[in-house]
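Colleague: Could you take me slowly through this model, one question at a time?

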Amino acid sequence: MESIEKVSIIISKGSLEGIYPGLIMANGARAEGIEADLFFTFFGLDAIHAKRHEHIKLATVGNPGLHFATWAGGLPGVSSLMTHYMEHKMEALDIPSIPEFIEMISDTGAGIYACQASVDLFGLEKNDLVPQVQDIITVGEFYERAAGSSIIFT
Amino acid sequence: MSMTAETLEQIEFNEEGFFVDPQAWHEGLVPELAKRDGIDELTEEHWKVIRFMRAEYLAKGAGPTVRVLGKSSGVSIKELYQLFPKGPAKLAARIAGIPKPRGCI
């Protein structure tokens, strides 16, 4: 039976629900003995932004999965409230917060990389990012690192 | 008549290499089980993790995930992956003769 040896996971969204799946998949891959690289691009960069990664919000507008009226999701404070509620539920299940998760995934030996184009776009520098970020790399360098792996885009 | 297994040939494993009968395990088998998973030299830290896995399984009926190991075994996540590069919870469970731990985190 053929098994997966390596995964390269791209995280491109900056919402709570946009970031967690990729983190869970990377951590889960390492737990199975599968090599893993995480590549943060566009708003996904917020997950490794030292000042922002503690303030990731759940999207309450344009998120039909929440099953409430779109207009209600846009009311002031609703996103914070729903984020708080979700974080509370996750904590009860012992799911780490995003900063803790990034640190944990880094400890598993997974690679953590930021996208050069996105870093340029947002006017960031390496010291704006968390220390677990190994490097800021171009898309070409990402593909080089990803050789032979399964690429997962989230 | 049941006899204590002396070698791995007497042990029944499932398709993923985990013990079918966790009761068939004893510490004497650990060095051979570790070798099977590419660990030639067992350190005190390996034993700490293996014994922790076994104790958790006996107490709770399931082995801990890497997250739980990192929090409660006294061995950090970083060290766990150095000790068991091919997946700490998975390998330590195989070596501790317990079923594969389930859980996504």
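This is a predicted model: local features need pLDDT of at least 70, side-chain atom pairs count only at pLDDT 80 or more; totals for chains, interfaces and linings use all residues.

Colleague: How are helix H1 and helix H4 of chain A oriented to each other?

Modeller: The axes of H1(A), residues 16-31, and H4(A), residues 98-107, come within 10 Å and cross at roughly 25°. Angles under 35 degrees count as roughly parallel. The two helices H1(A) and H4(A) are therefore described as roughly parallel.

Colleague: Is the crossing of H1(A) and H4(A) left-handed or right-handed, and how many nonpolar residues does their contact have?

Modeller: H1(A) passes H4(A) in a left-handed crossing. On the H1(A) side the contact involves Leu16(A), Ile19(A), Tyr20(A), Leu23(A), Ile24(A), Ala26(A) and Asn27(A), while H4(A) contributes Ile98(A), Phe101(A), Ile102(A), Met104(A) and Ile105(A). Sorted by class, this contact of H1(A) with H4(A) has no charged residues, one polar residue and, as the number you asked for, eleven nonpolar residues.

Colleague: How much area do chain B and chain A bury between them?

Modeller: In this pairing, 13 residues of chain B are in contact with 15 residues of chain A. Of the area buried between the two chains, 50% is on carbon and sulfur atoms, and the area comes to about 1300 Å².

Colleague: Why is helix H5 of chain B said to be largely enclosed by the rest of the structure?

Modeller: The cover over the buried residues of H5(B) includes H1 of chain A, together with helix H1 (30-36), helix H2 (44-60), helix H3 (66-72) and helix H4 (77-83) of chain B. H5(B), residues 88-96, is called largely enclosed because the number of its residues that are buried is nine of the nine.

Colleague: How do H2(B) and H5(B) lie relative to each other?

Modeller: H2(B) and H5(B) pack with their axes 9 Å apart and at an angle of about 75°. Since angles of 65 to 115 degrees count as roughly perpendicular, H2(B) and H5(B) are therefore roughly perpendicular.

Colleague: Which residues of H2(B) make the contact with H5(B)?

Modeller: The residues of this contact of H2(B) with H5(B) divide into eight nonpolar, no polar and one charged. From H5(B) come Ala89(B), Ala92(B), Ala93(B), Ile95(B) and Ala96(B), and from H2(B) come Val49(B), Ile50(B), Met53(B) and Arg54(B).

Colleague: Is Thr41(A) buried or exposed?

Modeller: Thr41(A) is found in the loop between strand S2 (35-40) and helix H2 (70-73) of chain A. Not counting residues up to four places away in sequence, Thr41(A) touches Ile10(A), Ile11(A), Ser12(A), Cys115(A) and Ser118(A). Its relative accessibility is 13%, and because the cut-off is under 20%, Thr41(A) counts as buried.

Notes
Residues are numbered from 1 along each chain as its sequence is written. Chains are lettered from A and ligands numbered from 1 in the order in which they are written. Side-chain values use heavy atoms; hydrogens and water are left out. Axes are lines fitted to C-alpha atoms, for helices over the stretch in contact, and angles run from 0 to 180 degrees between N-to-C directions. Helices (H or I, at least four residues) and strands (E, at least two) are DSSP runs, numbered from the N terminus. Angles under 35 degrees count as roughly parallel, over 145 as roughly antiparallel, 65 to 115 as roughly perpendicular and the rest as oblique. A crossing is left-handed if the near helix is turned anticlockwise from the far one by less than a right angle, and right-handed if clockwise. Contact means heavy atoms within 4.5 Å. Ala, Val, Leu, Ile, Met, Phe, Trp, Tyr, Cys and Pro count as nonpolar, Asp, Glu, Lys and Arg as charged, and the others, Gly among them, as polar. Buried means under 20% relative accessible area, exposed over 50%, partly exposed in between (1.4 Å probe, protein chains only). Buried area is the accessible area (1.4 Å probe) that two parts lose on being put together, summed over both.
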